[in-house]
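Let's take a friendly walk through a protein model. Have a look at the sequence and the 3D view, and then read on.

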Amino acid sequence: FGYLILLALLAIMRDEAAYVPRWLAGIARSPSSFDEVVVVDGGSADSTVALLQASPMYTVRVVERAFPDNFSDQRNFAIDQTTSEWILELDADEVLSTPLLMGIRQVCMNADCAQVDCVGVPRLNFHDGILVASPGYRGLDFQYRLHRRQCRWRGRVHEEVVGYQARIELNLGDGHFIQHLKDVPRHLSRNEYYQKLKGTIS
């Protein structure tokens with residue numbers, strides 16, 4: 001196409017030391033997929049930051065900001081720490097499929113040509129290594145985490161992306177997906193925290 005896609009990998013984290021090595025190993029499979037890797041750390045008390053800064057493949061820029069108990073607020077702050085036009089947001093317990101990792105620049109270029117600025121990626125959720133049913137559009141847990149930088153997030157928890165002009169969804173049959181890999185205790189504790197943020201339990 002004759003032009004360059006600038007793509008950032010972005011994450012918000014806090015106390016994710018158990019997941020950071022796998023997250024880093026996942027992106028290290030393709031050292032040229034991202035032009036910058038930025039993580040906003042929300043005040044980790046474990047070795048999350050040290051592990052990120054020791055990454056042998058990518059230089060991870062860590063920005064520290066106390067988590068404000070609002071996921072959209074933290075994600076929007078994180079977007080402002082990047083310089084790229086396209087951004088992929090990938091949580092600590094997520095890993096990109098190999099076809100998507102290797103082809104993500106082409107996905108962005110195709111989206112640009114179609115005047116699309118937000119891309120939904122199907123996510124496969126695993127609890128203790130077992131694939132679980134996923135609610136959502138077309139029966140898949142689409143995550144709209146690949147977008148141009150003008151997009152923003154709304155909602156304190158279970159946030160949604162806004163500010164896009166047009167969006168599309170990737171095809172699981174092309175091997176394009178996110179693996180969401182967590183154990184059951186993490187799943188339960190996170191759900192409890194999300195409920196607290198929504199104010200439904202004390």
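## The whole chain

Please keep in mind that this is a predicted model. What is the chain built from? Its secondary structure comes to five helices and twelve strands.

If you draw a box around the C-alpha atoms along the principal axes, its sides come to roughly 55 × 40 × 30 Å. How much of the chain is buried? Of the 202 residues, 52% are buried.

## The largest pocket

Rolling a probe the size of a water molecule over the atoms shows where empty space is left. In this model, the largest pocket holds about 1,200 Å³ of space. Its lining is made up of 47 residues, and those nearest the centre are D91, R123, R145, H158 and Y194.

Helix α5 gives the largest share, with seven residues. Sorted by class, the lining has 20 nonpolar residues, twelve polar ones and 15 charged ones.

## Rings and charges

Aromatic rings can be looked at in pairs, and the count for this model comes to two aromatic pairs. Rings can also be looked at together with charged side chains. Where does the charged end of R75 sit? That end is over the ring of W153, at 5.3 Å from the ring's centre. In a second case, the ring belongs to Y144, and the charged end of R167 sits over that ring, 4.0 Å from its centre.

## Two loop residues with a positive phi

Most residues other than glycine have a negative phi, and most peptide bonds are trans. Now look at D15, which is not a glycine and yet has a positive phi of about 55°. You can find D15 in the loop between β1 and α1 (20-28). With a relative accessible area of 39%, D15 falls between the 20% and 50% cut-offs, so this residue is partly exposed.

Q115 is not a glycine either, and its phi is positive at about 60°. This residue belongs to the loop between α4 (98-113) and β6. Is Q115 buried or exposed? Its relative accessibility is 69%, and over 50% counts as exposed, so Q115 is exposed.

A45 lies in the loop that runs between β2 (36-41) and α2 (48-53). The relative accessible area of A45 is 75%, which is over the 50% cut-off, so A45 is exposed. Along the chain, A45 and R186 are 141 residues apart, and their C-alpha atoms are separated by 17 Å.

Q106 is part of helix α4. Its relative accessible area is 37%, and Q106 is therefore partly exposed. How far apart are Q106 and I27 in sequence and in space? They are 79 residues apart in sequence and 17 Å apart in space, going from C-alpha to C-alpha.

Notes. Residues numbered from 1 in each chain as written. Predicted model: local features only at pLDDT ≥ 70, side-chain atom pairs only at ≥ 80, totals over all residues. Heavy atoms only, no water. 1 Å grid on protein atoms, 1.4 Å probe; cavity = no way out; pocket = protein on both sides within 12 Å on 5 of 7 lines; lining within 4 Å. Points joined across faces, edges and corners; volume = space filled by probe spheres on them. Helix = DSSP H or I, 4+ residues; strand = E, 2+ residues; numbered from the N terminus. Nonpolar A, V, L, I, M, F, W, Y, C, P; charged D, E, K, R; others polar. Phe/Tyr/Trp six-rings, centres within 6.5 Å; stacked < 30°, edge-to-face > 60°. Lys NZ or Arg CZ within 6 Å of the ring centre and 35° of its normal. Buried < 20%, exposed > 50% of the residue type's maximum accessible area, 1.4 Å probe, protein only.
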